[in-house]
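Subject: Handover of a structure

Dear colleague,

I am passing the structure below on to you, together with a short account of what was found in it. Please keep the sequence and the 3D view open while you read.

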Amino acid sequence: MQQENKIYSINGPVVTIQGKTDLSMLEMVYVGAQKLVGEVISLDTQKTTIQVYEETAGLAPDEPVEGTGSQLCALLGPGILTNIFDGIERPLPALQEQSGAFIGKGLSVSSLDTEKLWDVSICVKAGDSLTGGEVYASTQETPVVTHKIMLSPLLSGTIVEVKPDGAYHVNDTVAVLEDKTGKRHNLTLCQRWPIRIPRPVKKRLPASRPLITGQRVIDTLFPVAKGGAAAIPGGFGTGKTMTQHQLAKWCDADIIVYVGCGERGNEMTQALQEFSELIDPRTGKSLMERTVLIANTSNMPVAAREASIYTGITLAEYYRDMGYHTAIMADSTSRWAEALREISGRLEEMPADEGFPAYLPSRLSEFYERAGYMQVLSHAEGSVTIIGAVSPQGSDFSEPVTQNTKRFTRCFWALDKALAYARHYPAINWTNSYSEYLGELEQWYHDEVGADFMRCREELSSILYEESSLMEIVKLIGADVLPDDQKLTIEIARVIRVGFLQQNAFHPDDTYVPPEKQLKMMRVILHLYHKCQQIVQLQVPIARLLETGLFDKLTKIKYDVPNSNLALLDDYITEIDNVLGSYLRK
Amino acid sequence: MITEHRGLRELNGSLVILEGVQHPLNEELVHLKLDDGTERTGRIVAIEGDKVALQVFEGTRGLSMVNTRTVLTGRPMEIPLSPELLGRVFDGLGRPIDGLGDIYPEEMGNVNGQPMNPVSRVYPRDIIKTGISSIDCLTTLIRGQKLPIFSGSGMKHNELAVQIVRQASIADSDDFAIVFAAMGVKNDVADYFRQSFEAAGVMDRVVMFLNVSNDPIIERIITPRCALTAAEYLAFKLNKHILVILTDMTSYCEALREFSSSKGEIPGRKGFPGYLYSDLATIYERAGIINTAKGSVTQIPILTMPNDDITHPIPDLTGYITEGQIVLDRGLDTTGVYPPVNVLSSLSRLMKDGIGEGFTRKDHSALANQLFALYAKVQDAKALASVIGEDELSASDKRIMAFGKAFDEEFLGQGNANRSIEETLDLGWKLLRMIPRNELDRVDDAILDEFYEQ
């Protein structure tokens, strides 16, 4: 018998039902007469607690709570890409049609466009046996992405009926599968998957290929592997969002999931516009064709913010299962952690560090562990790379979210306020940041970019390290008293900082720099360094070397050499030899 | 459904608990009628069965368990909206206090508003010229932006806000209006704003919501929401460009803290509730432009940083939500530089898309970057000079110091002058010419040829 569940108490986004109920843990429910979407988060014999994903103003006790019998699921199928969703996968353009420029309550829309016809080609025939995750059809979702339609990982059996190739809606049946028990399942173009459960894979593979981002400080100094996880912590105004946008635009993943979690509305509008206008250099099509945005801005309900991270990672895993390399940018995980804290506070749970719940580290690790380079169920290889922004309170990296994130990510790009104040972007601090993937990626750089890449990189970073200790002295007594060889280190480090690490996102060539150019730039800078070292040993004053103008010229390579003509960089080597040759011969 | 209850069950700070309530709605508005004939307003904040917790805006002084009748209105907290709002003065709950009678509403607006759909937003791009060099050149204000002023007690944030209103060239057009919300500021400050608006001749285009420092504290939680509801109506129904000034957000946050602790909630940093970020976001995110109306809402919230500490939760969380910040500097203020803008920690996130060719001038972005980079070096040189003495500095550091001095005096310290964008940018180049060309590493050669070599 269907038992009637009624609201007993309301406190912010948390609603309880008194007594025993037939609802199950994490079940999705509709709350109240307006049918607000909610999720069961705790159950005992006294009461059932539900978090509501929409604004609860106007809700009254005794209004009904309706179970749906299933967990909060994402609907997965063609039509995800190019779209923009809220935290529980409701498409925002459809919400706009229903309620105008402001988001109303209790709106019900399908996650995927059910009216649209997709040109489907079916790649199985009757009698084929199929296991979970295998592909039975495909359609061209966008001009650059072929959407492979896979059997739900939970099903397996024999195909007993197949429709011909043609145009179908997402909910149309294209094939029928009979499982071991003889039960028949209609296979459509879409499937559902609970967002809090990682999608299964065959096995985890070592992450040995870098995610090339075209950002010099990342690719060269602190690379992240495909299937890795990286954190970008930084106070406000240090350029977290800017860095995330740059990565989403230029990284060489096949699919980008961009989650704006508790951030600014205008930033999502900007992302939507910019990504639509920008052309992907690899495909020649708009960047939006490979992107899906999830926008749960800071003023949208806090519980849906908590869910948005899981919705995002589920979409990313779904495309990974097709054999794509996906990257998910989560901006910002601190807002997600705060949503956890807020709901935990309403549940009157015992707080741990700074009011965050004691399960914060386990939730963070669950999330970051969903990254990985995998062999998926259909035997292809795919990866999910997670890049999470962290917004530490008061720019203090010792706060719990930053500290716990550090434990579960192997790449740490620390943004620095002093660099941002001097408008040095990306403001990634080269002494506090690290990447643990260097060892795994060494081989790839050796084979694909150049045998000397890692050597150049190490020399570059040791110069920077040396400079930072010299600067301690300079701050106390000024640069004039340093011996010339140390002055040279400072000068060359300036070239590295300004000419190499600093990168202009608004410059057409400098916004994305291929690894080959990065290596050549390093070679030129180091060539100058080595030559000057020899000359300085011959007692030539450093001021004479600076007068040659070579140092200033090298800081502008990034603007002067277009990405399409890297041969120009060899001319710099010749020029250095010509100009400095006279000093050496003397 | 209107129901009435006699008596209360419990009183605690500004919270009142009622029992045996029939059909309460979450966040519903209630009236509390005292036996002495006065009336107070409250809002339901939590419900448990037939028990409800009410937040009483005017405070609970004088309430007893028996002398109060509570009327549930069945409606959320709303304010009347009509074009007549312009030129009027309201209290912190949106009730007229200028003696001109009630507003005849064309519609009622729920003060909580609704979140804007990100796909309905229009990305802000139009610059608001403020005539202030440090803002126009380095932290450009854009129509539809939320750009707070981070100040400290005793600094000239009010003067700066008034100067922005007076000089903002949008003030010339008819479709411009100001919504002013005072939260816990002194009566003098509210008067200063009123007089300044009158002196600027814009008072008939101002809507004021006043909750001054001796008004009920809990009322402050509603004041900015009333103001923004009025602003949204004027902007998105009447297609006006609205500048909203919210002062002082620090008092607002303290009211929220007081209310939270009386509810017995678990405190976060410095005793502020864990949801301070989400709560502030529901205020600040109500700035913007939407694609169904011609108007816009631009916010300039003012907050005084307790002890001038920018890492205090209030400025910290504000900075994470707003699109930049204008930070005032105590050192500049005491040396008589006005406006005392600390340009290094100030930032406008929307600036990059609102400046440059077609908007201001093509050299704007490069010039701003170069000024920032040099001014950052000024700080290093100053630090060095304080150790080894100014005389011992190298020639290039001395040049940098001279640049810094000129920058503070000429560029920042403009006083009440109203400078055009061209004047500001040319002044910037004039200062850059104090530095040899090869040290300008943020500007490319074409721009240098055109603007540096004059």
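This is a predicted model: local features need pLDDT of at least 70, side-chain atom pairs count only at pLDDT 80 or more; totals for chains, interfaces and linings use all residues.

Strand β1 (residues 5-11) of chain A pairs with β5(B) in the antiparallel sense over 3 bridges. In this pairing, Ser9(A) stands opposite Glu48(B) of β5(B). Two strands are taken to pair if DSSP finds at least two bridges between them; strands (E, at least two residues) and helices (H or I, at least four) are DSSP runs, numbered from the N terminus.

Residues are numbered from 1 along each chain as its sequence is written, and chains are lettered from A and ligands numbered from 1 in the order in which they are written.

The contact between the chains

In total, 61 residues of chain B are in contact with 61 residues of chain A, where contact means that the C-beta atoms, placed from the backbone, lie within 7 Å. On the side of chain B that touches chain A, β5 (39-48), α6 (276-284), α7 (313-321) and α10 (364-388) of chain B each supply at least two residues. The largest share comes from α10(B), with 8 residues. This side of chain B consists of 29 nonpolar, 20 polar and 12 charged residues. Here Ala, Val, Leu, Ile, Met, Phe, Trp, Tyr, Cys and Pro count as nonpolar, Asp, Glu, Lys and Arg as charged, and the others, Gly among them, as polar.

The domains of chain B

Chain B is divided into domain 1 (3-76), domain 2 (80-354) and domain 3 (364-452); these bounds come from an automatic or database domain assignment. The C-alpha centres of domain 2 and domain 3 of chain B lie 32 Å apart. Between these two domains, 17 residues of domain 2 of chain B are in contact with 20 residues of domain 3 of chain B. On the domain 2 side, α1(B) gives the most, with 5 residues.

A sheet in chain A

In chain A, 4 strands form an open sheet in the order β12-β11-β9-β14, with antiparallel pairing. Its edge strands, β12 (145-150) and β14 (166-168) of chain A, each pair on one side only. Strand β11 (residues 135-142) of chain A is joined to β12(A) by 6 bridges, and Gln140(A) stands opposite Thr146(A) in β12(A).

Yours sincerely
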